[in-house]
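Dear colleague,

Please find below the structure that I am handing over to you.

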Amino acid sequence: GSDSSDIYEIIAVTEGVVFPANSAAAGTELWISRGTEATTAVLADINPGSDSSGPTELVFQPSSGKVFFSAYEGTNGAELWSCDLAGNAALIKDLTPGSDSSSIRNLTLLNGSVLMMSVDADLGGSEPGYEPFVSTGVVGNLSLLTDLNPGSGSSNPANFTFFNGAYYFTADNDAFGTEIFKTDLTSAGTTVLQDIVSGGSS
């Protein structure tokens, strides 16, 4: 018919392509296509029935054969999820407890297995704003790397990149402004690479 399925992302996986699409039966959920109409179907109905989970920030991790994404399940709010190509979906971690949501941006796969992202979450009463989070993709493994802009202000990390054993990204804090940061995935090992424009105005 003339109605739209409202596809807004599409990624390649080992068996085809995965994308969010809207249908009357399932709402907006993850779909997979292996290249034919007959092999195009809902991969996982995370928010069961016609309600939508609205998956976004899709990333495929070849080493595990899983897609990672942010989705709203209804009970736990929007959080980080994984789904294998057989449709087995799992919540990685309920960062913001209960039905409230965490906001995930710039989800990026680095060095084959590391997931880095910018997340705004309520960590049990602590709300650091958008800060860098790290996950290996294993259920339960998702944590704040460091609060670069201490308190509720956001450092808005982006442009996550891996090179020669180290991870790089841009972030903004009061001391340096927006600059490049380097990390070994520990809080102590996260530092500004260079304050190119001195002070907090860059």
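Among contacts in the protein between residues at least 6 apart in sequence, what percentage join residues at least 24 apart? The share is 38%. Please bear in mind that this is a predicted model.

Overall fold and dimensions

The secondary structure consists of 16 strands and 0 helices. The C-alpha trace extends over about 55 × 35 × 35 Å along the principal axes of the protein. A compact globule of 202 residues would have a radius of gyration near 17 Å, and the value of 18 Å for the protein agrees with this.

Surface and charge

Of the 202 residues in the protein, 42% are buried. The accessible surface amounts to about 9300 Å², and carbon and sulfur atoms account for 50% of that area. As for charge, the protein carries 24 negative and 5 positive side chains. The centres of these two sets are 10 Å apart.

One residue in detail

Ser 5 lies in the segment that precedes strand 1 (11-13). Leaving aside residues up to four places away in sequence, Ser 5 touches Ala 21 and Asn 22. Gly 87 is 82 residues from Ser 5 along the chain, and the C-alpha atoms of the two are separated by 20 Å.

With kind regards

Conventions:
Residues numbered from 1 in each chain as written. Predicted model: local features only at pLDDT ≥ 70, side-chain atom pairs only at ≥ 80, totals over all residues. Heavy atoms only, no water. Helix = DSSP H or I, 4+ residues; strand = E, 2+ residues; numbered from the N terminus. Rg over C-alpha atoms; globule rule 2.2 N^0.38 Å. Buried < 20%, exposed > 50% of the residue type's maximum accessible area, 1.4 Å probe, protein only. Contact = heavy atoms within 4.5 Å. Areas by Shrake-Rupley, 256 points an atom, 1.4 Å probe, with all protein chains shown as cover. Lys, Arg positive; Asp, Glu negative; His and termini not counted. Charge placed at Lys NZ, Arg CZ, Asp CG, Glu CD.
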